[in-house]
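Here are my notes on the model you sent over, as numbered points. Have the structure open while you read.

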Amino acid sequence: MVEISKVEINIPALTSRQHAAKSLFMLCREHCKSVEMLLAKGEGRQLSSALALLRPALDALLRGCWVAKCMDDQSFEPYLKEETASWPGKKDLFCKLKPVLSPRMWRVLSEHSGLMNGDYHDFTHGGAQQILRYMRPDPSTRGAATREELKFVVSKVLSYDIYAAEFLCELVGDQDALNAVHLTSLRLDLKSAFANAL
């Protein structure tokens, strides 16, 4: 589905904080790849499971941004021991990210933030939207993905994979890879990605 995964990123020796941020960006990308696998054409398509991964993908992306852009190595040390520091909640996380993200990235991520406690929460925790998919009157459509649902999940997962790759390139200072990610994302034909998923 996405060519971003083919971009080679050179990762140098990292501090604990940088390594944590890198791990969070990689986790986001892993969730995106899993969504791609779950949406593969055929009878094995698992839309409900794919939708359930959108929240943890966005969560990993946001936490990675926070560690990469709002922390220094010393202030991050307590977070390596979970019992001594608690990670910020979503609202606090966005307050901390606003001053350190570009206006474009802030606008994009803040638009997605509303989904965290809305649709994404419902998808992740088997709420009404997931249940109703299996209660449709027409037996042939029960649990099946509509074109609109597929477009929704594909557009979100493409975005998160691209952003995670961008932030990872910035974190490790690989300008060539960052340029490649930008070029690939500009060339990315969403219609083609939707066609592959549909």
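1. Let's start with a salt bridge: the side chains of lysine 96 and aspartate 92 meet at 3.9 Å, N to O. Keep in mind that this is a predicted model. Both residues sit in helix 5, four residues apart, or about one turn of the helix. Lysine 96 is partly exposed at 35% relative accessible area, and aspartate 92 is partly exposed too, at 38%.

2. Now zoom out to the fold. Of the 198 residues, 45% are buried. Take the contacts between residues at least 6 apart in sequence: 75% of them join residues at least 24 apart. The accessible surface comes to about 10500 Å², and carbon and sulfur atoms own 53% of that.

3. Which residues touch the most other members of the largest nonpolar core? That core has 55 residues, and the ones to click on are Phe25, Leu61, Leu109, Tyr160 and Tyr163. At least two core residues come from each of helix 1 (16-38), helix 2 (47-52), helix 3 (54-70), helix 5 (90-97), helix 6 (103-116), helix 7 (119-124), helix 9 (147-172) and helix 10 (175-187). Helix 9 gives the largest share, with 15 residues. As background, nonpolar side chains in soluble globular proteins tend to be buried together.

4. Leave out its neighbours within four places in sequence, and leucine 61 is in contact with Phe25, Cys28, Leu109, Tyr160, Tyr163, Ala164 and Phe167. Among those partners, Phe25, Leu109, Tyr160 and Tyr163 are also on the list of residues that touch the most other core members.

5. Buried or exposed? With a relative accessibility of 9%, histidine 112 counts as buried, the cut-off being under 20%. Not counting residues up to four places away in sequence, histidine 112 touches Leu58, Tyr120, Lys156 and Tyr160. Tyr160 turns up in the contacts of leucine 61 too.

6. On to the rings. The whole structure holds nine aromatic pairs. One of them is phenylalanine 94 with tryptophan 106, an edge-to-face pair with 5.8 Å centre to centre and 65 degrees between the planes. Phenylalanine 94 lies in helix 5 and tryptophan 106 in helix 6, so this pair ties together parts that are twelve residues apart in sequence. Phenylalanine 94 is buried, at 9% relative accessible area. Elsewhere, ring pairs link Trp66, Phe76, Tyr79 and Trp87 into a cluster.

7. Back to charges: there are ten salt bridges in the whole structure. One of them joins glutamate 170 and lysine 69, whose side chains meet at 3.3 Å, N to O. Because glutamate 170 lies in helix 9 and lysine 69 in helix 3, the pair ties together parts that are 101 residues apart in sequence. Glutamate 170 is partly exposed at 39% relative accessible area, and lysine 69 is partly exposed at 30%.

8. Where do the partners of the arginine 133 salt bridge lie? The bridge goes to glutamate 149, with the closest N and O atoms 3.0 Å apart. Arginine 133 is in helix 8 and glutamate 149 in helix 9, so parts that are 16 residues apart in sequence are tied together. Arginine 133 counts as buried at 4% relative accessibility, and glutamate 149 as buried at 17%. Check the charged network as well: Asp59, Arg63 and Lys90 are linked by salt bridges.

9. Last, the surface. Ile131, Leu132 and Met135 make a nonpolar patch of about 310 Å². Isoleucine 131 is found in helix 8 (residues 128-133). With a relative accessible area of 44%, isoleucine 131 is partly exposed, whereas arginine 133, from that helix as well, is buried.

Notes
Residues numbered from 1 in each chain as written. Predicted model: local features only at pLDDT ≥ 70, side-chain atom pairs only at ≥ 80, totals over all residues. Heavy atoms only, no water. Patch = residues over 30% accessible without salt bridge, like charges linked within 9 Å, V, L, I, M, F, W, Y side chains within 5 Å. Areas by Shrake-Rupley, 256 points an atom, 1.4 Å probe, with all protein chains shown as cover. Salt bridge = Lys/Arg side-chain N within 4 Å of Asp/Glu carboxyl O. Buried < 20%, exposed > 50% of the residue type's maximum accessible area, 1.4 Å probe, protein only. Core = buried A, V, L, I, M, F, W, Y, C linked by side-chain atoms within 4.5 Å. Contact = heavy atoms within 4.5 Å. Phe/Tyr/Trp six-rings, centres within 6.5 Å; stacked < 30°, edge-to-face > 60°.
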